[in-house]
Structures are given as structure tokens and as C-alpha cells.
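Please look over the sequence and the model below before reading on. The text then goes through strand pairing, salt bridges and surface charge.

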Amino acid sequence: MSFFFLAWPSLLLAEEFRVETPTALQSTVKATQPGDLISLVGSDWHDVRLKLKLQGSPKQPIIVRSQITFTGSSSLDLNGEHVVLDGFTFRDGSLKTGHVLRVRGAHNRVTRCTIENYNPDNIDTRYQWLSLNGHDHRVDHCKFAGQNHSGTTLVVWLDEDGEVGRHRIERNYFLNRQRGNGNGFETIRIGTSETSMKSARCIVAENLFENCDGEIELISNKSCDNVYERNTIIGCAGALTLRHGDNCIVRENLILGDGDRHSGGIRIVGEGHQIIGNHIEGVGNRIGGAIALSAGVPDPKLSQHARVRHVLIDGNTLIDNAGEEIVYGHGLGSRSRSLLPEDIIVKNTRRSGPPRLKRLKPEDVGPGARKD
């Protein structure tokens, strides 16, 4: 092992551990202190199921950096605080259930990681690629590519007890999510129907989505007080969907159909949302138009469609989209959905001109991009 200084204000002496086997990693974890760096080196690891419990500090996080690739049925479950997972790659493997990568605890970071083609033989085999439990995690500059089975690519779980949410999901690259055969093929989901009235306060920002065709809900919001901003969505056969929950902001996203007739714009259920400054161009008729306000159910259960109320739609650009610009009452008459939206403010809609928003490209996001 060697010694080095981390660039933290305290400049405390920290230690680097170079680890070549799973057995050595488990013994190393027991000796690790705040500020230490664990480097995984050597040959790739196959059929390894890791469970790590680590405790860093705000000024001295523990960094676990991987220079190897995980294959087979490998997975990682982190339970800790102030831990950074840097450069982990899971490629060409598969699970039967569970999570490829699961992060629990608080104030952890997943950065420059890749999960690619981690698929079972059967499309109905359900497991998640990245699951976030706990609170205040950050997922940035990661790549998720080639998923073709049931299970959300990235899911936020809102536990009934304790602090939850406040995650930042930013500057990641999601691509080539094949079309599924029903529900459960979302690219991002925040919450579930059962926890949909909890305040998650997550930020999903500056991510790039390309050809993510899993299901109608490309992004499935199932909680309150989340922000979706400055994302680029290109040729995805689905919509950014506020399915459950209230008081979310969808702001300055660039949504381009790119010739996919199944592509969609923004679909809205619930109350108090703000849809501001988005550019939606060339999307198909998947949700009946560019922005779809759903019809609601009287006295809905958590799993049903709540009535759309008190929504602001301001300053959006809608160009050459199939269907209507704004759909009032999407799904009216289906499954007891009889209530039309009410108290909807629509203003300052543009219908021409180039995007005013930055179009993100692969070199702007993912593991190879410049980090911050």
C-alpha cells in the first residue's frame, strides 16, 4: 500500500489500498478509514456479489475506484455514508432478480460507472440496474446502454420510514433501451404508487436519452416535488410522465422525435405542476400530442389517475408534432377516468424557430465527459 494526500481542505494523510481479489476487498473494507482510496485492479471479476459497508465523512469520503470489469452474475450492494463509487463497469452479464448496483445510506456518489448489455435470456426476468435507497445520493457521468428486459434502468425507492430522496441524477447517458412488452420497462422511475404522495425532492438534470423505447413512461414520476430540467431526449418511444404525485417542475428540456412515430412529449397527472420553457419538436402520437393532460378518476386510489389541477404551462416551444399541441383529458372514458383537467394556465407558446436550449451530445455526458 502507498500513501498520498487527498485534495480536501483538511489535507489529512490518507491511504491507498490496491485490491486484486474479492476476498482481499472484504478484508480491506474492515481496515478502511475516512479519506482512504480503494483501487480494484488486475483481472476482471466474474460472478461476484459484493456487499460493502463503509463510513466516510463529509470532508473525507471513502473512494472505491474500479479499473476492472464485472461480468456474469456480478452485483454490488453498497450501504454507507459519504462513499464514492468511481468507474465501476458491469458488462455482458445478467441476474435472476434484485439489482445490478444498489446504493443505500446517505450522501454517496456513483460516478463514471457503466452498466451495459446486462440482460437475461428471458425479457420477463425483472431486476433493476441501479437502485437508490436512502437520501442525498448523486449519480453523475454514468452510462446505461442496451437494456432489453423487465425492470427499471434507474429507480429511486422511497422507504416508508426515515429520510428519503434529495438525490441528484445528472449528466448521465441512457441509450438503446429496447421496447418492452408492458409495464416495468421505464428508464427512470422515482417512487411507486404506494409512496407517490411523499416528497422526494430529486433533481434529474442534463441527462441524454437516445432510443430508449422501453414503454410509454420513459421517465415515470411517482412522487412529489421533483425537478426535471435541461435533459435532452432524442428518438425515444415514450414520454416524460408525471404519473403520480404533485408539485413537480419540468423545465427547459429538449425533446426531439427524430422520426420515431411512437415518441412522445410530456404527460401530466396530479396537481401543482409547472411545465416551463421546454422545446418539443417532431414527436409522434404516443400520448395524443406534445403535452397531454390526463383525465382523472373521482376519489382515486393511489394507483389510479388523480385529477389534473392548477398546472402552469408557460413558454414552451411546440413544432411539427403529431396530434394536438395540448391534449385536455388524455384517456377520457378509460378505467373510470371521467374528470377533465381544471385550472390550467397556458401562455407564451412558441410555434417556430430553432431550439434555444443546448442539445446534449454523448461527449457532454457519461464516463468519458469532463467531470465537475
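**Strands, salt bridges and a charged patch**

Ile115 has Phe144 of β16 as its bridge partner. This is a predicted model. The pairing belongs to strands β13 (residues 114-116) and β16 (residues 143-145), which run parallel and are joined by 3 bridges.

Both strands are part of an open sheet of 11 strands with parallel pairing, ordered β4-β7-β10-β13-β16-β19-β22-β25-β28-β31-β34. The edges of this sheet are β4 (45-46) and β34 (317-319); each has a single partner strand, so one side of each has no neighbour in the sheet.

Next come the salt bridges, of which the whole structure holds 21. One of them joins the side chains of Arg168 and Glu170, with an N to O distance of 2.9 Å. Glu170 counts as buried because its relative accessibility is 11%, and buried means under 20%. Arg168, at 33%, counts as partly exposed. The pair is also part of a network of salt bridges that links Arg109, Arg138, Asp140, Arg168 and Glu170.

Which residue forms a salt bridge with Arg307? The partner is Glu342, and the closest N and O atoms of the two are 3.7 Å apart. This pair links distant parts of the chain, 35 residues apart: Arg307 lies in the loop between β32 (289-294) and β33 (309-314), and Glu342 lies in strand β36 (residues 342-347). Arg307 is partly exposed, with a relative accessible area of 21%. Glu342 is partly exposed as well, at 28%.

Another salt bridge is formed by Arg351 and Glu325, with the closest N and O atoms 2.8 Å apart. Arg351 counts as exposed, at 53% relative accessibility, because the cut-off for exposed is over 50%. Glu325 has a relative accessible area of 32% and is partly exposed.

Why does Asp159 count as partly exposed? Its relative accessibility is 33%, and partly exposed covers the range between the buried limit of 20% and the exposed limit of 50%. Asp159 is located in the loop between β17 (154-156) and β18 (168-170).

Methods. Residues numbered from 1 in each chain as written. Predicted model: local features only at pLDDT ≥ 70, side-chain atom pairs only at ≥ 80, totals over all residues. Heavy atoms only, no water. Helix = DSSP H or I, 4+ residues; strand = E, 2+ residues; numbered from the N terminus. Buried < 20%, exposed > 50% of the residue type's maximum accessible area, 1.4 Å probe, protein only. Pairing = 2+ DSSP bridges. Salt bridge = Lys/Arg side-chain N within 4 Å of Asp/Glu carboxyl O.
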